[in-house]
Amino acid sequence: MATVDVAVPRNISIDRSLRGKRSDIPGLAFQLAMLACLLVCLAFIVVLLVTVFDDGIGVFQERGFVLSAFPTELERAIDETWTFLTNPQGVEGWLLCPLVLVGVPIGLGLAARARRWRLVLGVVLGISVIYVAAAFIGTSSFLSANVSSLSSRAGVAQGIFGTVVLAVMTAVVAFPLGVATAVFLEEYAPDNRFTRFVQLNIRNLAGVPSVVYGLLGLAVFVKLASSVTGGRTLIAGGLTLAILVLPIVIITASEAIRAVPQSLREGGYGVGATQWDVTKTLVLPNAFAGILTGTILSLSRAIGETAPLLLVGAVQGFFTTGDANVLQRFSGRYTALPQIVFNWRGEANTDFAISLTAAAIIVLLVITLLANLMAVLLRNRFEKRW
Amino acid sequence: MSSVDGALLGLEGDGRRVRREQRIRRTFWGAGLSTLVISIAIIVSLTANSITFLANIDVGELLTFDTWSPRIGKFDVATLFMGSLIVTAVAMVIAIPLGLGAAVYLAEYARPRVRRVLKPILEVLAGIPSIVLGFFAITWIGPNVVVDALSGQSDFSLMTAGLGVGILVTPLIASVSEDAMRAVPSSLREASYGMGARRMTTVVRVVMPAAVSGIVAALMLAAARAIGETMVIALAGGAAGEAHFTSNPYDAGLTVTSAMASVAAGTDQIAGGGGQGAGQAFNSLFFLGLLLFTVTLLLNMIGNSFVRRVRERY
């Protein structure tokens, strides 16, 4: 301790004498200029958020989901949850009810027992938060209404549905394929010219503009494989987005796998494990947090993409889903949040072009920023120093 | 690794175990090949439709420096490339100083705790969807910066779009070049201080030259991203469907990407593939895609080779 106390003032005096007992004005100016650059960047975020919030909040004030009404809304949400759980209706009701009724107590019980189940508790809590949020969405006519040509009636329900389904499909396709490719590159592939070519190819794919992936989706999933995907459907859109984010998933997963120390693998081989045993029980669990972070980041990218959806045929105007159920909607016309933003922005009516667009952007931003926040938190929480 | 593999083969006598390993190995090879399949699919689908496009139009019309308007059969690619050039130039003029400045501050000046807070916030900016930045460009940058500060004529112009794209690629430049500067070993800095150099001299004359390949890589990747950016320009560029050749950034215009977006958004039959008038416009999408793909691929390859150089040296 004592040495530290002495060292600090001595360093300062050396610094000062090196500067010739004058303060370093150009250096200070340079530092301030660099700081200014950073602050300008941060200011853009603030101005952007304020602008969007300012334009879009009116819609939420008019159409429900206002902060001042929070307690009654919460009461109503709890009420609806209770009725939903005690009196399930329809297929989704019967599917969700047992899940919530059985899942919540089991999750809580497990979480109480051991620290390692905290993740499970987190997931269960996440699901219940989403569940309560779903009940909330029912209380705001903006979030629960379909797209419409009347600005007072238009809502983003179809967009939220489309975005969520697209994100899930992207994850379902890109996550396993991406992780498998990363495992192949890092664990199985020999270090030869072919492997290096595959790696170079992946890096280049990561830089291909998203419109080009839209063209690929249009040529392959919408046209060529229309008998499988049904043409301009959620399936074609989801597959296109999955291919779009695949290189990012592979690159981040590779980095996470590379960060697992070699000694761990050698320990595994030392006790007679096969390569797959080592990969499955040692490498993947230790790389999991990194892989998950990368996947979430790439999903939030997929959620925000508009250009590819424009090409693979998300709906450009108003359409009705009627009372088609979830399965039917997979093969029907669809839209997504960014697509709705783009469409409304093109309307001549300023209600659409400003207020509703900004409100839809708020919904989109809440989803993507929450995903980003989750990824950053995960990374900070699980970051390991070997 | 191969010696370990050999030892393993000797150890695992169980045939079932060996077969399982082989099956799993084959699965992973398949996954590894999937990315090559994607690349081939991109190249084949782009070139096949481009050839149809080129066969059906007068190739001389591609460079008339006149008008891009698929509806009346005018396919002047030069108009679009000029637009892309203007937008990218404006974006880079904004993004290079801001991104590099932020990177220098984060890498060289900020205390660890400050850095830990500020860097995620900058990453949030990188995570904002481009369509949101497009909306921001027309509602805020257009009226406040382009019209008021730069006395442009209209909210919608290539200038507005370029500024929006600039904000979009700033975090990319900041993040890649910050990594490059942090990869410079501190022994270089200490040697510089030992020579009596002050901090600014160290940053400008020692750290930045040492990190130059990473910084160039950041700029290349950012340029590729700016050229490939679509939605900001589709919203803020001010032209839909057709554009005249212009070299004035304050004019409305189309870029390669926003022309694709407006063709896709303008004719509802495009993705359905039905409409009779949509034929050449539809194929022009793929031709533009091929040009875009080639340009960004070149930039990315240059950028990536610079990134590799950083990794190899330290």
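Predicted model: local features only at pLDDT ≥ 70, side-chain atom pairs only at ≥ 80, totals over all residues.
Q: Is B:Glu21 buried or exposed?
A: Relative accessible area decides the class: buried means under 20%, exposed over 50%, and partly exposed in between, with a 1.4 Å probe and protein chains only. B:Glu21 has a relative accessibility of 7%, so B:Glu21 counts as buried.

Q: What kind of model is this?
A: Residues are numbered from 1 along each chain as its sequence is written, while chains are lettered from A and ligands numbered from 1 in the order in which they are written.

Q: Which residue forms a salt bridge with B:Glu21?
A: A salt bridge requires a side-chain nitrogen of Lys or Arg within 4 Å of a carboxyl oxygen of Asp or Glu. In this pair the closest N and O atoms are 3.9 Å apart. The partner has a relative accessible area of 25% and is therefore partly exposed; the partner is B:Arg20.

Q: How many helices are in chain A?
A: Helices (DSSP H or I runs of at least four residues) and strands (E runs of at least two) are numbered from the N terminus. Chain B comes to 13 helices and 3 strands. Chain A has 0 strands, and its helices number 17.

Q: What share of the 314 residues in chain B is buried?
A: In chain A, buried residues make up 46% of 386 residues. For the 314 residues in chain B, the buried share is 52%.

Q: How many residues of chain B are in contact with chain A?
A: Contact means heavy atoms within 4.5 Å. The area buried between the chains, that is, the accessible area (1.4 Å probe) that two parts lose on being put together, summed over both, is about 7600 Å², of which carbon and sulfur atoms give 76%. Chain A contributes 83 residues to the contact, and the residues of chain B number 84.

Q: Which helix of chain A gives the largest share of the side that touches chain B?
A: Between the chains, 9 residue pairs, both at pLDDT 80 or more, are in polar contact, a term for N or O atoms within 3.5 Å where, within protein, one must be able to donate a hydrogen and the other to accept it, and residues adjacent in sequence count only if both atoms are side-chain atoms. With 18 residues spanning part of positions 25-62, the helix that gives the largest share is helix 2.

Q: Which residues of chain A does B:Ser45 contact, leaving aside neighbours within four places in sequence?
A: B:Ser45 lies in helix 2 (residues 15-56) of chain B. Its relative accessible area is 9%, so B:Ser45 is buried. Within its own chain B:Ser45 contacts B:Phe286, and in chain A it contacts A:Leu216 and A:Ala219.

Q: How far apart in space are B:Val146 and B:Leu163, C-alpha to C-alpha?
A: B:Val146 belongs to helix 5 (residues 130-149) of chain B and, at 0% relative accessibility, counts as buried. Among the residues that B:Val146 touches beyond four places in sequence are B:Leu163 and B:Tyr250. B:Val146 and B:Leu163 are 17 residues apart in sequence, and their C-alpha separation is 9.0 Å.

Q: How many residues apart are A:Glu186 and A:Arg258?
A: Their side chains meet in a salt bridge (3.2 Å, N to O). A:Glu186 is in helix 7 (residues 157-188) and A:Arg258 in helix 11 (residues 234-258), so the pair links distant parts of the chain. A:Glu186, at 23% relative accessibility, counts as partly exposed, as does A:Arg258 at 49%.

Q: Which residue of chain B meets A:Asp277 in a salt bridge?
A: The rule finds 2 salt bridges across the interface. A:Asp277 is buried, with a relative accessible area of 17%. The side chain meeting A:Asp277, at 3.8 Å from N to O, is that of B:Arg17.

Technical notes. Heavy atoms only, no water.
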